[in-house]
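Work through these exercises with the sequence and the 3D view open. Try each task before you read its solution.

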Protein chains: 2
Amino acid sequence: MSQDQKERLYLFDTTLRDGAQTSGIDFSVAEKVVIAELLERLGVDYVEGGYPGANPTDTEFFSEKRTQSATFTAFGMTKRAGRSASNDPGLQGLLSAEADAICFVAKSWDYHVKVALGCSNEENLESITDSVTAAVNAGREAMVDCEHFFDGFKANPGYALACAKVAYDAGARWVVLCDTNGGTLPDEIKAIVAEVREVVPGDHLGIHTHDDTGQAVANALAAVDAGVRQIQGTLNGIGERCGNANLVTLIPTLMLKPQYTERFELGLSEAQLKDISAVSRTFDEMLNVSPNRHAPYVGETAFATKAGIHASAILKDPQTYEHVAPEEVGNKRRVLVSDQAGKSNLLGELARLGVEADKSDPRLDGLLAEVKQREAEGYAYEAADASFELLARRALGDVPSFYEVQSFRVMVERRHNALGELVSVSEAVVKVDIDGETRMSVAEGNGPVNALDVALRKDLGKYQSAIDGLELIDYKVRILNGGTGAVTRVLIESRDTRTHKRWFTIGVSSNIVDASFQALNDSITYALLKAEAA
Amino acid sequence: MSQDQKERLYLFDTTLRDGAQTSGIDFSVAEKVVIAELLERLGVDYVEGGYPGANPTDTEFFSEKRTQSATFTAFGMTKRAGRSASNDPGLQGLLSAEADAICFVAKSWDYHVKVALGCSNEENLESITDSVTAAVNAGREAMVDCEHFFDGFKANPGYALACAKVAYDAGARWVVLCDTNGGTLPDEIKAIVAEVREVVPGDHLGIHTHDDTGQAVANALAAVDAGVRQIQGTLNGIGERCGNANLVTLIPTLMLKPQYTERFELGLSEAQLKDISAVSRTFDEMLNVSPNRHAPYVGETAFATKAGIHASAILKDPQTYEHVAPEEVGNKRRVLVSDQAGKSNLLGELARLGVEADKSDPRLDGLLAEVKQREAEGYAYEAADASFELLARRALGDVPSFYEVQSFRVMVERRHNALGELVSVSEAVVKVDIDGETRMSVAEGNGPVNALDVALRKDLGKYQSAIDGLELIDYKVRILNGGTGAVTRVLIESRDTRTHKRWFTIGVSSNIVDASFQALNDSITYALLKAEAA
């Protein structure tokens, strides 16, 4: 087949909706905004942002359109039986959300229609038809998630098919077959998709799988093999119970394995595929979880070999030992310490950040060595662009020494006050040199890091106006290696309230206050550097 | 089919051999002995113990038979080309190992025969034949792992098939088709297995898969569907790169899904299946890794649902929402405690934690209100069972006041020392009342939380021996709502080094030190409560 004849596969990301059902995950609006940006960087076709009207976070998130190129999608229920679409506040709330598309969840198992909805099978079909029609009439792309589709099909194939068919007939761009409880096996998926294609064309069918038998990815691929053309999944496979289909695993298989590349094309570029390891790790950093070292394609050990019978052969002849080349997914082969790819990766990162560097500049070797040394200590620059840019510019000699912190002291005291109430007081003292002049500042805060932050920014003399808009908006801490010999990594997200620009800085130390200080200091220095350049 | 007519599927565990290739894993002989016992408890048919002769650990491990019922299997290379079986020290070493079976690894890709072995295709076939013959003559069950079989088949099907055939013809009980680099997809596995069955019967074929495309489990099942009757895998899927097929995931699918139960039987009893969650977690404890909460079937959240549209329906009618019953794999249903939790959820959680409560007890309403209030403040009890249990037991009046912290003070100072070096010192002072007696402790730490932890546990008088084994193994910090009015949530994972029990506690405050103090305090109190009950 020529390039033109390839069929398009669409990626539908539900990290912000079904992924938000993950135990222990609770996204704020600000986090959703950052994750939506990450999803666009990855290159998915649809970003499902949540369920406007269901909770204040999702309602606020849908108060404006949050994507540039991906189709911004709101999730919600079909209209209730017994009232018209125009008289259903839930549906009207969905229609008023600032979304490009609406994905309705609909029951397709007659048993659940009866027990959970308490309406008739006919009424449920009407709800699907009327909801899709209302969305289409409101100028939205409409789609329908058929909940428990495979179990419903096994119980009553005629009714499950009727649900899919009325959705399609009403104008749904996609009818998505959901293996809601994750228990269906690949061969069942294939057989049932084949039957659904009798009533809905494959290029209007989607698949939504869960990992309850460890086969979310295999089930999604089985559905593609059987004819569906939209795949739902999440970043790093987060999701309820055992998680959803992992888009980070699916995308490389779809873009690198001949079985798929010969027939299909996705909306991602090769450059975006090369960025997928970084996207995956950045998301883990946002969630404050350790990346899965064994993750397919993107894990730290996905292309690692223990020294042994294979190691030297791999170095001589990697393509006969590796199923894909690690570079294609932005990962690295790990057999020896020395890494030939290091310098070109570094140049790519500098170009991405707009740091000019000549590839023959000998200072780049020093920078590369320093990055490796620091990453061995626990720094993770993938999630801290601003700290990485400072490190690079310092190595290349173009960061002025704006100020120098001579010393600081932070104290937290918890005790009974004069009224007999237990209170905590946090206080920080900072001594800073600017142009040879020493300034001391003291501040209280609602915790030691806040006190240190306030004291540090209280009096930077001539630089004060440049950091007026600086605001610390997120602060994450992770303990590396566990136990008492642990190292603490702090990641700080800052914002300039005037320009709305955000940046991330990092600090690593066995002492959480020291690590926080490094990240705070980098954040201020970065702000001053950008103010100077502006 | 009647019970008698079912075909037997055999489970071959390679945790101690291929699993030992996992980055970061290095088993001692003593660990191998304990893991072999765990594998017999699980009920696998074969335990592959390692490669005697390749290293002192494996040689010692094979100095005696280490299994009772499972077939104890040694792994090793086929004899070298150019020397006879009786004159090959590696093969003779294998034959002298105290093993029931020998699994030879053989090249089946002609390219690797040439490049890695440096012998002719014919010589390699002779090595397979002679090695299998030697093992059979020595009274061992013989099998052959055909390395890179699927890639080899794609490159030269005739030669790959010849390798499989000579192994079978020489008397190998099993010819195992290995997807060594993990890149093969399920449909390829099926198609190639079908071709192999033309030369080797399915009940003499095994499958060995890796998770490099996230489909190790799907590939193993595809091979079973295509006719193989032995499955190789590891406990919890450990293994090189992305890991091997996870037996803990495969076993429940094979024993609970009608597609498999109607046709096959395994060597495990239903009681052993009920024990599989415990086996999986025990293995993680041996490896000192946190169990994967999202693992299919056995993960802590594998049957968990966040309160929402599904929660009340699941409690009423679980079998239409769960693909298998959690009890069958020794796991539990969890409807997560959350701000939408109702009283029945709460009672379910209390029962799960072993907290006795009468559903008419009016104190439950107070507890429910308190949980909701605290979750609104930022507590997330779904990730902190120990803090939740303390909260519940306090509401029900059965947590003694072991000790009371009157006050504490924590200080971090960063300054130049006498040598002009920048150093940080963290110090904590804690004042504790026990039975009316006040004790003051002071400690330094590698950060304020560590100093506070050490000071808090330094002198708890009569309780000291009960917390001797207490260890803080993970510490997570999350900032809720961002910005300067932010609330900090601290989650601490603790362990008793004597019992290997782990528990999670939580603290929430605008002050990170206060939040940490709450979680530390809960951890110690929980340890004392459990010590008292023991």
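**Exercise 1. Why is helix α10 (residues 247–256) of chain B largely enclosed by the rest of the structure?**

Begin with the ground rules. This is a predicted model, in which local features need pLDDT of at least 70, side-chain atom pairs count only at pLDDT 80 or more, and totals for chains, interfaces and linings use all residues. Residues are numbered from 1 along each chain as its sequence is written, while chains are lettered from A and ligands numbered from 1 in the order in which they are written.

Step 1. Helices (H or I, at least four residues) and strands (E, at least two) are DSSP runs, numbered from the N terminus. A residue is buried if 20 or more other C-beta atoms lie within 10 Å of its own, exposed if 12 or fewer, and partly exposed in between, with C-beta atoms placed from the backbone.

Step 2. Check the helix. The buried residues of α10(B) are L247(B), V248(B), T249(B), L250(B), I251(B), P252(B), T253(B), L254(B) and M255(B).

Step 3. Conclude. Helix α10 of chain B is largely enclosed because 9 of its 10 residues are buried.

**Exercise 2. Describe chain A as a whole.**

Step 1. List its elements. Chain A has 19 helices and 16 strands.

Step 2. Take its dimensions. The C-alpha atoms of chain A fill a box of roughly 80 × 70 × 45 Å along the principal axes. The radius of gyration, taken over C-alpha atoms, is compared with a globule rule of 2.2 Å times the number of residues to the power 0.38. For 534 residues a compact globule would have a value near 24 Å, so the 27 Å of chain A agrees.

Step 3. Look at burial. In chain A, 51% of the 534 residues count as buried.

Step 4. Find the domains, whose bounds come from an automatic or database domain assignment. Chain A is divided into domain 1 (11–268), domain 2 (286–336) and domain 3 (403–459). Between the C-alpha centres of domain 1 and domain 3 of chain A lie 50 Å.

**Exercise 3. Which strands pair with strand β15 (residues 487–496) of chain A?**

Step 1. Recall the rule: two strands pair if DSSP finds at least two bridges between them.

Step 2. Take one partner. Strand β14 (residues 470–480) of chain A pairs with β15(A) in the antiparallel sense over 10 bridges. Here L472(A) has S494(A) as its bridge partner.

Step 3. Take another. Strand β16 (residues 502–509) of chain A also pairs antiparallel with β15(A), over 8 bridges. T488(A) stands opposite S509(A).

Step 4. Inspect the turn. β15(A) and β16(A) form a hairpin with 5 residues between them, and H500(A) in the turn has a positive phi of about 65°.

Step 5. Check the cover. β15(A) is mostly covered, with 8 of its 10 residues buried.

**Exercise 4. How many residues of chain B are in contact with chain A?**

Step 1. Define contact: the C-beta atoms of two residues, placed from the backbone, lie within 7 Å.

Step 2. Read the count. In chain B, 85 residues are in contact with 85 residues of chain A. Strand β13 (residues 404–416) of chain B gives the most to this side, with 10 residues.

Step 3. β14(A) runs antiparallel to strand β16 (residues 470–480) of chain B, joined by 3 bridges. R478(A) stands opposite K476(B).
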